[in-house]
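The sequence and structure come first, and the description follows.

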Amino acid sequence: MKGARDPKAPVLQEQLRTPVDGEYDVIVAGGGASGLIAAVAAARAGARTLLLEHAGCLGGTGTYAMVAQWLGFYNGDTRVVGGLPLELTRRVQALGGSDGFARYVLAEASARPIPLVNFPFNPEVVKIACDRFARDAGVHVRLHSRVVAPVMDGPAVRGVVVEDVGGRRAFLSRVVVDATGDAIVGAASGAAFEGGEEELRRRRQPCTLVFRLSNVDVARFRALPREEKRALALEGVDAGRIFWESLSFCSTPGNTDAICLMSRIPGIDALDAVDLGRAEMEGRAQVHSIVDFLRERVPGFERSTLASIAAHVGVRETRRIRGRHALTEADIVGGRRFADAIALGAGPMDLHEAGGTGISLWMPEHAFEIPLACLLPEATPGLVVTGRAISATRSANGGSRHMGTAMALGEASGVLAAAAAQQGVEAAQIDAEQVRATLRRHGALVALEDLQPERSNETTALNA
Ligand SMILES: Cc1cc2nc3c(=O)[nH]c(=O)nc-3n(C[C@H](O)[C@H](O)[C@H](O)COP(=O)(O)OP(=O)(O)OC[C@H]3O[C@@H](n4cnc5c(N)ncnc54)[C@H](O)[C@@H]3O)c2cc1C
């Protein structure tokens, strides 16, 4: 049975007494790519900031779903993200969690591989770096805390209700930043969103359960000619032993581990718990089959061992908030300029086929601006939305959801939320120029004129 609600099912009327456990200037719901950075930005701006995360670690899809490479920092050789996200990459490197930015070929065994610059990392080290980043900024962090409802004051969001191992509690704030990726606060507060349509729910982009293999000869695999990788991938797909035409993996420092993004679970609505559970189980069955195939057929993987499977299946697509501007593919391709630009996207444009084994993957020719208006729901005071759920069309979301971009959006949302809380006004009343000036002071790149093509001594030789 699917988890979607039957309108005719009996209803249990509950009376809840929820203690209010604290009051903050800014609450950030979700401690992933965008939420961690939003919270650090707000706290550094002097706002009392609470970060609520339902997993046991920060970092979001990058850590608990083990998607172990940050994309979106570079378009070609030009770095388009600075500020706090760049600081986090340096912290991760200082802890030995990455060798730094590197040249990489995305989906190398697919029909349309894309050379780009990524930041591959060891997700376990990133968890530690995220803890320290939040702590050093003075963010109040509560892990294992699931945000279940907004606290409403008329049409305005003024806090959230959380469920944790100790029960249910509420926290109040002037501004809530929804960084859950699924627009959990936004949808529950009645804000309009895209992506809930029944028809679309059945054809979302597939989920991927990431797994990690140890004892891999990464260099040997990387050295294979592309045609050989492609032939192996197609052989595996034809035999039903692997599930899409890519042998995509990232590697950690030391080049002995492969963190594999190779499973592909279609037909999942990740807003439905029954579907999500099915994705985990189908994902594990796929992992078993893929590991078998890699060991048997793919050079470099002969002696590999399954080290871990991500704690949570990776979800590419759920809701997107309906905001004051919806970023479009035409905005991206046309290089549209926005007076309220607060972050830059790099691409790639990355849309996986709902069924099938294909992917639409291409790099925009240049970086693109994302306006502040994409973070502001049409008509919900007290709420700022950031990360994957910002206001964008489905295809534009394929280019704006990468973690480097999500982090840049996170920094902008944190600065905006802190300013609104401190000035006692709504986020929509804050002058975008004030946000842009603060971001720029902190090294963020907010508009195309901030770019300087880098002869990247930041990138290392090849294929980390
Ligand atoms: C399989 C896959 C491969 C991808 N490949 C790449 C890649 O190679 N490089 C790249 O840069 N991007 C990649 N992406 C995209 C990227 O990971 C996400 O789009 C990005 O993480 C979005 O950032 P976010 O902050 O919006 O969400 P997330 O990073 O997902 O963080 C959301 C956080 O909110 C928390 N949360 C959710 N609901 C609640 C709640 N109710 N209460 C409390 N906390 C909550 C979650 O636990 C999570 O920590 C990939 C995504 C997937 C699924």
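## The interface between the domains

Across the interface of domain 1 and domain 2, zero salt bridges are found. One residue pair is in polar contact across this interface, with both residues at pLDDT 80 or more. The pLDDT values belong to a predicted model, and the structure shown here is such a model.

Domain 1 covers 20-103 + 116-199 + 318-450, and domain 2 covers 211-309. Their C-alpha centres are 28 Å apart. Contact between the two involves 24 residues of domain 1 and 18 residues of domain 2. The size of an interface is often given as the accessible area lost when the parts come together. For domain 1 and domain 2 the buried area is about 1,500 Å², with 64% of it on carbon and sulfur atoms.

## Salt bridges

Side chains of opposite charge can pair when their charged atoms come close. Although the interface of domain 1 and domain 2 has zero salt bridges, the count for the model comes to 31.

One of them joins E87 and R44, with N and O 2.8 Å apart. E87 belongs to helix α2 (residues 83-94) and R44 to helix α1 (residues 33-44), so this pair links distant parts of the chain, 43 residues apart. E87 has a relative accessibility of 26% and counts as partly exposed. R44 is also partly exposed, with a relative accessible area of 43%. Both residues take part in a network of salt bridges that links R44, E87, R91, R135 and D136.

## Two further salt bridges

Another salt bridge is formed by E235 and R297, whose closest N and O atoms are 2.7 Å apart. The two residues are 62 residues apart in the chain: E235 is in helix α7 (residues 226-238) and R297 is in helix α8 (residues 273-297). Is E235 buried or partly exposed? With a relative accessible area of 30%, E235 is partly exposed. R297 is partly exposed as well, at 35%.

In the salt bridge between E449 and R337, the closest N and O atoms are 2.3 Å apart. E449 lies in the segment after α12 (432-441), while R337 lies in the loop between α9 (329-333) and β18 (341-345), so the pair ties together parts that are 112 residues apart in sequence. R337 counts as partly exposed, at 47% relative accessibility.

## A sheet of three strands

Three strands form an open sheet with antiparallel pairing, in the order β3-β7-β6. The edge strands β3 and β6 each pair on one side only.

Strand β3 (residues 69-70) pairs with β7 over two bridges, in the antiparallel sense. Here Q69 stands opposite P120 of β7. Strand β6 (residues 102-106) is joined to β7 by five bridges, and these two strands also run antiparallel. Along this pairing, R103 faces V117 of β7, and L106 has I114 of β7 as its bridge partner.

Why is strand β7 described as largely enclosed by the rest of the structure? Strand β7 spans residues 114-120, and six of its seven residues are buried, so the rest of the structure largely encloses it.

## A strand with two faces

In a regular strand the side chains alternate between the two faces of the sheet.

The pairing of β20 with strand β19 (residues 349-352) is antiparallel and runs over four bridges. Within it, H352 has I359 of β20 as its bridge partner.

## A buried aspartate in a loop

D182 is located in the loop between β11 (167-178) and α4 (184-188). Its relative accessibility is 17%, so D182 counts as buried, the cut-off being under 20%.

Which residues does D182 touch, not counting those up to four places away in sequence? D182 touches L271, T318, R319 and R388. With R388, the side chain of D182 also makes a polar contact of 3.0 Å.

Definitions and conventions. Residues are numbered from 1 along each chain as its sequence is written. This is a predicted model: local features need pLDDT of at least 70, side-chain atom pairs count only at pLDDT 80 or more; totals for chains, interfaces and linings use all residues. Side-chain values use heavy atoms; hydrogens and water are left out. Buried means under 20% relative accessible area, exposed over 50%, partly exposed in between (1.4 Å probe, protein chains only). Two strands pair if DSSP finds at least two bridges between them. Domain bounds come from an automatic or database domain assignment. Contact means heavy atoms within 4.5 Å. Buried area is the accessible area (1.4 Å probe) that two parts lose on being put together, summed over both. A salt bridge is a side-chain nitrogen of Lys or Arg within 4 Å of a carboxyl oxygen of Asp or Glu. A polar contact is a pair of N or O atoms within 3.5 Å; within protein, one must be able to donate a hydrogen and the other to accept it, and residues adjacent in sequence count only if both atoms are side-chain atoms.
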